[in-house]
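I am opening a notebook on a structure that is new to me. I want to look up a few places in turn and write down what I find at each.

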Amino acid sequence: MEFAVIAQTLEILEKTTSKIQQAATLAMLFKKTPPSVIDKVVYLILGTLWPDWKGMPELGIAEKGIQKCIALATNTTEAEVEKLYKSLGDYGAAVERLKMSKQGKAAGLTAFIKSAKGVQGKKLDVETVYNALAKIAMLQGEGSRDMKLRLLTALLMDAEPKEAKYIVRFVEGRLRLGVGEATVMDGLASAFGVSRDLIERAYNVYPDLGAIAKLIAEKGGSAIRDIKPAPGIPLRPMLAERASDPVEIMNKAGVPALAEFKYDGERGQIHKKGEKVWIFSRRLEDITHQYPDVVEMVLKHVKADEAIIEGEMVAVDPETGEFKPFQELMHRKRKKDIHEAAKEYPVVVRLFDCLYVNGVDLTKRPLPERREWLKKIVEESEGFKIAEHTLVKDTKELEQFFLKAIESGCEGLVVKSLGIDSVYQAGVRGWLWIKYKRDYKSELSDTVDLVVVGAFHGRGKRAGTYGALLLAAYDPDTDRFVTVCKVGTGFTDEELAQLPKKLEPYKLPHKHQRVDSEIEADVWFEPALVMEVAGAEITLSPVHTCCWSWAKPETGISIRFPRFIRWREDKSPTEATTSKELFEMYLRKLKKIEKAEPKAEEV
Ligand code: ATP
């Protein structure tokens with residue numbers, strides 16, 4: 001398959017912001033893609049080479065390197081490339097322009113030589129491009145930089161202008177997030193007539209869209225019906241809804257419900273196969289190397305040859321055994337020598353689920369059965385045991401256990417349904433799990449996680465850094481990011497000073513294709529970094545695009561007095577708080593106001 005088809009598709013995708021049109025464009029592409037390369041096509045469209053959890057290696061070519069390759073491939077000087085980059089704001093556009101002008105000059109000569117030799121021009125195909133990029137990504141060690149540059153130059157020399165544009169954007173990392181997984185799934189469903197829900201369920205259990213596309217293209221939709229979890233391949237985690245009213249919690253969870261301590265640590269999905277152990281983060285990143293101590297615990301205490309279990313890794317004070325907050329784990333991550341760090345910042349593991357044991361898929365079994373399996377295969381110890389829990393029948397028991405959790409240094413509770421339908425809903429946020437956290441006084445009943453999409457230059461004391469950041473929520477229905485607020489408080493001086501450097505890799509010359517904003521930011525970013533934000537309340541807003549026209553025509557919603565709490569490096573942008581969740585919070589606020597101020601006719 002010619003790479004030109006991919007380049008053309010990327011160009012069409014870039015020009016449309018409608019998710020429906022993007023999915024239709026992708027469906028057309030998938031229909032004409034040979035099944036043998038559809039996985040590679042899917043990865044390239046997503047701006048990647050394989051699923052992130054396999055470890056997305058940096059391609060390792062920085063700006064200077066890209067400049068050099070473009071100069072060599074187009075027979076120009078690096079200074080000329082830089083000049084063009086400055087005027088166009090994008091190396092992709094620069095290489096396209098240069099190739100077009102060079103091609104114009106060279107075209108006559110090339111055509112003459114080709115006609116004399118009777119040969120056709122060699123066109124780049126998908127496999128060649130993919131393999132070259134994969135090789136660039138995997139080269140490491142001495143001499144690898146030169147080799148990477150040579151490979152990229154060769155690729156750019158063979159590429160047509162448009163192809164070169166997208167190859168360069170890929171290397172720069174700019175294609176990532178151009179189109180999201182959700183849109184690719186829509187495209188696959190429509191191309192092969194497979195139910196979208198089926199694809200999503202398969203993806204949640206086996207998050208590799210390339211592999212799923214290949215299975216569907218080669219064997220049809222039924223091939224993905226029975227996809228099972230497998231050790232070494234992370235499942236997308238089940239997520240909890242939030243509630244702050246005990247009555248609502250008990251109504252939703254059913255009686256009795258399982259109440260568990262909500263530990264403030266890092267979620268770990270622990271996989272074991274023989275002597276091999278993997279730990280995956282909430283974002284499905286392989287974080288095994290950060291927890292050599294947990295790997296040891298797993299090998300010692302998990303009595304099954306193959307298993308997938310879930311728990312929270314929590315920092316503890318080695319002297320008192322008391323839990324420490326999540327931030328403590330960050331110190332551990334920053335240390336170079338991980339074995340040293342593990343001693344200095346020890347963790348304990350508190351387990352809460354069991355998804356697979358020795359070939360048996362437990363995700364479709366109710367929670368009581370999964371807990372039985374967990375008890376059966378885990379030999380508990382002080383450092384590695386099942387999360388503190390109890391059965392609660394009413395709000396009084398719930399409140400009592402909640403206080404106990406807070407006293408023990410936890411954030412609150414996760415209340416879980418024990419009903420017959422309490423299956424493990426991979427990748428789904430639902431009411432089968434409800435988080436009940438300490439309230440932030442009279443503020444929003446919970447913090448929210450928002451994506452940085454823009455920034456405003458600082459003045460006065462803040463000159464040289466940003467004065468405020470423009471934040472967005474994620475809207476899964478449109479697969480876009482919608483603005484919610486500007487945040488400028490809550491940062492320490494150090495955090496403020498670091499902002500420009502932290503955000504630099506995501507800077508864009510224009511608003512990102514998947515961002516809806518009525519506000520003009522001074523600087524735009526690729527939606528990549530997620531931060532936790534607290535705020536006073538949710539209000540209607542004439543400028544923010546979140547939940548646009550949902551509550552009132554031509555009006556969105558916004559967070560009043562937002563305050564930075566911390567970065568959420570464990571969340572990807574599509575895992576940020578959704579517009580729907582914010583809308584529910586807004587509706588809850590309205591209900592509270594109604595309760596507090598009965599309508600005139602009721603008085
Ligand atoms: P969410 O994971 O719901 O998107 P979040 O990442 O902001 O939200 P929290 O609001 O802290 O996280 O709540 C859910 C998280 O709580 C889980 O992802 C898990 O890491 C953690 N957790 C702690 N204890 C438990 C428990 N007993 N059961 C389930 N999750 C728990």
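**Entry 1: a lysine in a helix**

Leaving aside its neighbours within four places in sequence, which residues is Lys 148 in contact with? I looked this up and found Glu 58, Leu 59, Gly 60, Ile 61, Ile 136, Ala 137 and Leu 139, where contact means heavy atoms within 4.5 Å. Before going on I note that this is a predicted model, in which local features need pLDDT of at least 70 and side-chain atom pairs count only at pLDDT 80 or more, while totals for chains, interfaces and linings use all residues. Residues are numbered from 1 along each chain as its sequence is written, and side-chain values use heavy atoms, with hydrogens and water left out.

Lys 148 is found in helix H8, residues 144-158; helices (H or I, at least four residues) and strands (E, at least two) are DSSP runs, numbered from the N terminus. I find Lys 148 buried, at a relative accessible area of 6%, and I keep the cut-offs here: buried means under 20% relative accessible area, exposed over 50%, and partly exposed in between, with a 1.4 Å probe and protein chains only.

**Entry 2: domains and cores**

I next looked up how the chain is divided, and found domain 1 (48-172), domain 2 (239-441) and domain 3 (447-593), with bounds that come from an automatic or database domain assignment. The C-alpha centres of domain 2 and domain 3 lie 29 Å apart, and 8 residues of domain 2 are in contact with 15 residues of domain 3.

I then turned to the nonpolar cores, a core being a set of buried Ala, Val, Leu, Ile, Met, Phe, Trp, Tyr and Cys residues joined through side-chain atoms within 4.5 Å. The largest nonpolar core has 108 residues, and those with the most contacts inside it are Phe 30, Val 184 and Leu 413. Helix H7 (residues 126-138) gives the most to this core, with 8 residues, and the core draws at least three residues from each of domain 1 and domain 2. Apart from this core lies another, of 32 residues, among them Val 452, Leu 469, Leu 496 and Cys 546.

The axes of helix H2 (residues 19-31) and helix H10 (residues 181-192) come within 7 Å and cross at roughly 55 degrees; axes are lines fitted to C-alpha atoms, for helices over the stretch in contact, and angles run from 0 to 180 degrees between N-to-C directions. H2 and H10 are therefore oblique to each other, given that angles under 35 degrees count as roughly parallel, over 145 as roughly antiparallel, 65 to 115 as roughly perpendicular and the rest as oblique.

Ile 38, Asp 39, Val 42 and Tyr 43 in H3 meet Leu 209, Gly 210, Ala 211, Ala 213, Lys 214 and Ala 217 in H12.

**Entry 3: two prolines**

Is Pro 237 buried or exposed? Pro 237 is buried, with a relative accessible area of 7%, and is found in the loop between helix H12 (209-219) and strand S1 (239-242). Among the residues that Pro 237 touches I noted Arg 267, Arg 282, Glu 310 and Tyr 424.

Pro 256 is in the loop between helix H13 (246-253) and strand S2 (257-262), and the peptide bond from Val 255 to Pro 256 is cis, with omega near -10 degrees.

**Entry 4: positive phi**

Phi of Asn 75 is near 55 degrees, a positive value in a residue other than glycine. Asn 75 lies in the loop between helix H4 (63-74) and helix H5 (78-88) and counts as exposed at 67% relative accessibility. Glu 554, which is not a glycine, has a positive phi of about 55 degrees, sits in the loop between strand S19 (537-541) and strand S20 (556-560), and is exposed at 56% relative accessibility.
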